[in-house]
Amino acid sequence: MVGVLIKARSVMSYGARIKFSAHQEAETMTSTTPKAYLVGGGIGSLAAAAFLIRDGGMPGANISILDAGPAMGGALDGAGDAERGYAMRGGRMLTTDNYECTWALFKSIPSLTRTG
Amino acid sequence: MSIVLAHQPHFANQPADVQVFWGYGLFPDRIGNFVPKAMADCTGAELLAELCGHLRFDPDTVATANCIPCRMPYITSQFMPRAPGDRPPPVPPDTKNFAFISQFVEIPQDTVFTVEFSVRAAQMAVYQLLGITKPIPPVTAHDKSLHTQFDALVKALK
């Protein structure tokens with residue numbers, strides 16, 4: 001099985017449809033190695049990778065996340081310092097309890113301050 | 001102009017005596033009420049001056065503030081009017097090996113422009129492609145809650 005995930009934003013915004021060649025299987029039917037290619041490194045792709053690993057049992061090494069920029073996170077970026085100021089594209093606004101899927105996922109992932 | 005004052009600190013390296021907030025305007029070509037320039041032509045200082053005008057704040061309030069102007073021309077594209085079929089479901093019918101994730105898919109009941117929408121689309125796509133049968137948390141029907149319906153009633157009678 002080949003899991004190919006295409007992020008819609010890039011496809012629609014830039015009009016360039018990225019083509020994927022399906023993973024070619026070798027001689028035997030039983031040695032299928034699922035792989036996933038995620039276009040764009042935003043929260044959608046990062047979440048998909050986490051679900052592939054946590055619930056799909058896919059090894060992380062079989063997952064590729066492609067992004068034009070140097071940093072993962074997409075609009076959930078944010079950087080700066082007190083001298084020059086800070087900038088980010090996406091406000092976090094994660095204070096609500098209504099993010100059912102998001103919090104269920106986040107609770108299972110260790111952070112710098114919580115063991116997950 | 002709209003502003004959001006989030007819980008502080010917002011950045012890991014943010015000193016205790018520094019506070020940050022962000023704000024935006026949906027019509028960057030319009031001339032300001034307090035600064036006679038289009039928002040898109042304003043410096044950070046001018047944006048703060050316009051904001052202080054709206055909030056009736058003394059300009060000294062932001063004397064030590066540093067405002068970084070940013071443009072996000074596509075940010076409202078997620079809210080563009082659309083008809084059924086304009087945006088695909090995460091996994092289009094009969095699709096076995098690819099999916100669409102993030103904001104430009106259709107998910108019944110859920111709301112674009114949220115992190116939740118991106119995560120839910122990813123979960124739907126992965127579960128469907130891999131045949132995972134674990135339940136996906138349903139979207140809470142906040143529009144059906146008594147609180148929301150009462151608010152709607154009050155608003156309707158005003």
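Across the interface of chain A and chain B, the rule finds two salt bridges. A salt bridge here is a side-chain nitrogen of Lys or Arg within 4 Å of a carboxyl oxygen of Asp or Glu. The model is predicted: local features need pLDDT of at least 70, side-chain atom pairs count only at pLDDT 80 or more, and totals for chains, interfaces and linings use all residues. Residues are numbered from 1 along each chain as its sequence is written, chains are lettered from A and ligands numbered from 1 in the order in which they are written, and side-chain values use heavy atoms, with hydrogens and water left out.

One salt bridge joins Glu100(A) to Arg120(B), with the closest N and O atoms 3.2 Å apart. Over all chains, the count by this rule comes to 10 salt bridges. Glu100(A) lies in helix H3 of chain A and Arg120(B) in helix H2 of chain B, so this pair joins two chains. Helices (H or I, at least four residues) and strands (E, at least two) are DSSP runs, numbered from the N terminus. Glu100(A) counts as buried at 15% relative accessibility. Arg120(B) is also buried, with a relative accessible area of 4%. Buried means under 20% relative accessible area, exposed over 50%, and partly exposed in between (1.4 Å probe, protein chains only).

Arg120(B) has a further partner. Asp110(B) forms a salt bridge with Arg120(B), the closest N and O atoms being 2.9 Å apart. Asp110(B) sits in the loop between S3 and H2 of chain B and Arg120(B) in helix H2 of chain B, so the pair ties together parts that are 10 residues apart in sequence. Asp110(B) is buried, at a relative accessible area of 16%. A network of salt bridges links Glu100(A), Asp110(B), Glu116(B) and Arg120(B). Elsewhere, the side chains of Glu46(B) and Lys37(B) meet in a salt bridge (3.0 Å, N to O). Glu46(B) is partly exposed, with a relative accessible area of 22%. Lys37(B) counts as partly exposed at 29% relative accessibility.

The interface was then described by area and composition. The size of an interface is often given as the accessible area lost when the parts come together. Chain A and chain B bury about 3,600 Å² between them, 72% of it on carbon and sulfur atoms. Buried area is the accessible area (1.4 Å probe) that two parts lose on being put together, summed over both. Tyr86(A), Glu100(A) and Cys101(A) supply 19% of the area that chain A buries against chain B, more than any other three residues. The contact (heavy atoms within 4.5 Å) takes 45 residues from chain A and 40 residues from chain B.

Nine residue pairs are in polar contact between chain A and chain B (both at pLDDT 80 or more). A polar contact is a pair of N or O atoms within 3.5 Å; within protein, one must be able to donate a hydrogen and the other to accept it, and residues adjacent in sequence count only if both atoms are side-chain atoms. On the side of chain A that touches chain B, the elements giving two or more residues are strand S1 (3-7), helix H1 (8-14), helix H2 (43-54), strand S4 (79-81), strand S5 (85-87) and helix H3 (100-106) of chain A. H2(A) gives the most, with eight residues. By class, this side has 24 nonpolar, 10 polar and 11 charged residues. Ala, Val, Leu, Ile, Met, Phe, Trp, Tyr, Cys and Pro count as nonpolar, Asp, Glu, Lys and Arg as charged, and the others, Gly among them, as polar.

Thr102(A) lies in helix H3 of chain A. Thr102(A) counts as buried, at 0% relative accessibility. Leaving out residues up to four places away in sequence, Thr102(A) touches Val115(B), Glu116(B) and Val119(B).

The largest nonpolar core has 26 residues; those with the most contacts inside it are Phe51(A), Leu52(A), Ile63(A), Val119(B) and Val126(B). Elements giving two or more residues to this core are strand S2 (36-39), H2 and H3 of chain A, together with strand S3 (98-101) and helix H2 (115-130) of chain B. H2(B) provides the largest share, eight residues. A nonpolar core is a set of buried Ala, Val, Leu, Ile, Met, Phe, Trp, Tyr and Cys residues joined through side-chain atoms within 4.5 Å.
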